[in-house]
Amino acid sequence: MQRFTPKPLADILLDEGWVTSEQLAHAREVAQEKGREWSEVLVRSGALREEQRSQALATQWRLPYIDILPDDLSGRWLERLPITFAKDNLLLPLEEGDSTLVAVADPLNGAPLDDLAALLGPIRLAIATPALILHGINTAYDRASGTAEEVIEDLDADDSLAGGLLDEPVDLLDATDEAPIIRLVNSVLFQAVKERASDIHLEPYEREFAVRYRVDGVLYNVLTPPPRLQAAITSRIKLMAHLNIAERRLPQDGRIGLRIAGRDIDVRVSSIPTVHGERLVLRLLEKGAVNLDLSSMGFDEIQLAQMNEVLALPHGVVLVTGPTGAGKTTTLYGAISRINSPDKNIITIEDPIEYQLTGIGQVQVNPKIGLTFAGGLRSILRQDPDVILVGEIRDGETAEIAVQAALTGHLVFSTLHTNDAPSAVTRLVDMGVEPFLVSSSVSAILAQRLVRRVCQECRSPYTPAPAEVAKLGLAPGDHTFYQGSGCIECSSTGFRGRLAIYEMLVLDDELRNLVLTQSDANTLRAHAIKNGMRDLRADGALKVISGQTTTGEVLRVCREESD
């Protein structure tokens with residue numbers, strides 16, 4: 001029987017044309033200097049893709065190459081194979097039968113493979129990239145992890161708080177803590193991320209303790225732990241957020257850094273005292289997950305063209321208005337990300353800093369030491385900025401400084417809490433800014449709301465109530481309307497994700513004259529609509545007939561206009 005002799009990996013890469021002889025020689029020199037494997041040097045330098053290295057390994061050892069995982073990743077191995085062992089050795093069992101198919105990144109990883117064979121029986125190997133294997137491991141253990149309800153069922157009446165501080169972000173899938181309260185809190189956090197929740201509410205009442213998730217802007221009841229667990233759950237979360245667990249009379253704020261299924265999650269914790277105990281709200285922010293592309297936020301071509309014209313202005317004030325939670329900050333981040341370049345000095349002052357942006361200086365407001373929006377803005381003006389973002393104009397002093405900054409050649413972005421775009425003008429005047437300053441400094445005002453997107457996996461035509469259609473100014477028979485019927489992708493809600501509806505007011509000469517004469521918001525609105533401005537409801541109607549949302553969603557967020 002002829003003995004199998006594998007072809008050298010370097011020869012396979014050269015034959016395929018994936019690397020050159022020069023790249024190979026340089027990688028070997030670097031590998032020798034730094035004590036690394038030469039193919040890893042090629043991948044890290046970008047000369048070779050991870051997929052190409054894995055394909056070459058599969059060719060070298062005559063093994064199948066896997067570039068996509070099967071839908072069903074559950075198996076008997078889940079309960080027997082520790083996740084840390086699977087991750088450390090990049091092993092992912094896939095199919096079971098007479099022998100188990102195992103995806104590996106390195107087929108020569110002998111000792112772990114021997115251990116796996118002893119655990120599962122006969123195995124056969126396939127090659128996959130490390131990233132695909134890690135994704136499969138996280139997915140498999142994600143699906144197999146118990147829900148918070150199952151953890152509560154395991155709790156006994158005598159369970160008490162255990163565990164300490166989380167000094168470093170720990171992947172909750174890797175957590176091995178057996179203390180029931182720790183497992184319960186981990187399950188609540190894990191389940192929230194799994195269901196795309198933006199906030200977790202822990203609310204004590206007289207006879208119950210409720211846990212609710214906010215998903216796509218709407219709160220859902222998900223769990224009702226026994227009231228006896230309230231103190232232990234609250235203390236555990238406060239410990240994780242480095243808060244004072246002995247202080248229950250004053251509001252507190254803290255942060256938790258978590259890693260869940262390989263995703264870095266920043267959790268902001270807010271605690272306030274109520275008559276029945278401390279009420280906690282946890283805001284979940286996934287680092288790197290925010291989409292700052294304006295074209296995917298809900299802007300159509302006309303609105304995007306208007307926004308690009310505004311962003312090209314050398315100076316002026318650009319305001320984004322709307323209620324809390326309307327996505328104003330995300331829109332502003334998208335705007336400054338679009339104009340961010342090495343030749344611009346962009347500085348922000350925010351409370352809090354929601355996402356860290358590369359190449360942009362971000363300042364956190366801290367009233368305890370006297371760093372307010374107004375004070376910080378004054379200091380920023382001495383930093384030679386081209387573009388300034390003020391998280392929110394809350395008072396006349398901040399408004400005055402922002403306007404003066406625009407008049408001295410800066411492009412200033414900020415937010416205001418008003419119901420529509422024209423009202424922002426009268427709000428600035430009410431704050432004490434002179435009408436002539438508002439008229440000469442404000443370039444554009446964008447009002448916005450967030451509506452839920454119809455789930456594209458389960459959407460189907462429907463007939464909305466005639467009254468809803470009439471309120472949007474649409475004719476029932478002229479359009480096809482869609483709604484989601486509910487599926488596993490949208491957690492049976494019929495909606496998945498959100499998009500914005502907009503009202504873009506760009507100040508022209510006539511509008512500036514109206515501002516000078518202190519015209520009211522209704523007069524400004526009438527003029528703007530006459531000259532082509534699309535209000536929130538009209539923009540929502542367009543997104544309804546395009547199948548992106550429903551009539552009920554648009555009316556829900558625009559209700560104040562009809563009241």
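Leu-90 sits in the loop between α6 (83-89) and β1 (91-95), and its phi is near 50°, a positive value in a residue other than glycine. Keep in mind that this is a predicted model. The protein chain holds 22 helices and 18 strands, and buried residues make up 48% of its 563 residues. Among contacts between residues at least 6 apart in sequence, 64% join residues at least 24 apart. Here is a tour by topic.

**Backbone geometry to check**

- Asp-216, like Leu-90, is a residue other than glycine with a positive phi; for Asp-216 the value is near 55°.
- Asp-216 belongs to the loop between β5 and β6, and it counts as buried because its relative accessibility is 11%.
- A cis peptide bond leads from Asp-351 to Pro-352, with omega near -5°.
- Pro-352 itself is placed in the loop between β11 (346-350) and β12 (361-364).

**The six-stranded sheet**

- An open sheet is built from six strands in the order β6-β5-β4-β9-β8-β7, with antiparallel pairing.
- Its edge strands, each pairing on one side only, are β6 (218-223) and β7 (252-260).
- On average, neighbouring strands of this sheet are turned by 25° against each other, direction ignored.
- Val-269 stands opposite Leu-282, a residue of β9.

**Helices on the sheet**

- Helix α10 (residues 180-194) packs on the sheet and touches β4 (197-204), β5 (209-215), β6, β7, β8 and β9.
- The direction of α10 makes about 25° with that of β5.
- Helix α11 (residues 230-240) lies across β4, β5, β7, β8 and β9.
- Relative to β9, helix α11 runs at about 45°.

**Aromatic rings and charges over them**

- How many aromatic pairs are there? The count comes to one.
- That pair is Phe-299 with Tyr-502: the ring centres are 3.9 Å apart and the planes meet at 15°, so the pair is stacked.
- Phe-299 lies in the loop between β9 and α12 (301-311), while Tyr-502 lies in strand β18 (residues 495-506), so the pair ties together parts that are 203 residues apart in sequence.
- Both partners are buried: Phe-299 has a relative accessible area of 6%, and Tyr-502 has one of 1%.
- Two arginines lie over ring faces: Arg-452 over that of Phe-495, at 4.0 Å from the ring centre, and Arg-459 over that of Tyr-482, at 4.0 Å from the ring centre.

**Cysteines without disulfides**

- A search of the whole structure turns up zero disulfides.
- Why is Cys-455 in no disulfide? The nearest cysteine sulfur, that of Cys-487, is 3.7 Å away, and a disulfide needs the two sulfur atoms within 2.5 Å.
- Cys-490 is in no disulfide either, and here the nearest cysteine sulfur, again that of Cys-487, is 3.8 Å away.
- Is Cys-455 buried or exposed? Cys-455 counts as buried, at 1% relative accessibility.
- Cys-490 also counts as buried, with a relative accessibility of 1%.

**Around Leu-428**

- Leu-428 is part of helix α16 (residues 421-430).
- With a relative accessible area of 3%, Leu-428 is buried, because the cut-off for that label is under 20%.
- Which residues does Leu-428 contact, leaving aside its neighbours within four places in sequence? They are Leu-319, Ala-399, Leu-416, Val-433, Val-438 and Val-442.
- Leu-428 and Glu-400 are 28 residues apart along the chain, and their C-alpha atoms are separated by 8.9 Å.

Technical notes: Residues numbered from 1 in each chain as written. Predicted model: local features only at pLDDT ≥ 70, side-chain atom pairs only at ≥ 80, totals over all residues. Heavy atoms only, no water. Buried < 20%, exposed > 50% of the residue type's maximum accessible area, 1.4 Å probe, protein only. Pairing = 2+ DSSP bridges. Helix = DSSP H or I, 4+ residues; strand = E, 2+ residues; numbered from the N terminus. Axes fitted to C-alpha atoms, helices over the stretch in contact; angles between N-to-C directions. Contact = heavy atoms within 4.5 Å. Phe/Tyr/Trp six-rings, centres within 6.5 Å; stacked < 30°, edge-to-face > 60°. Lys NZ or Arg CZ within 6 Å of the ring centre and 35° of its normal.
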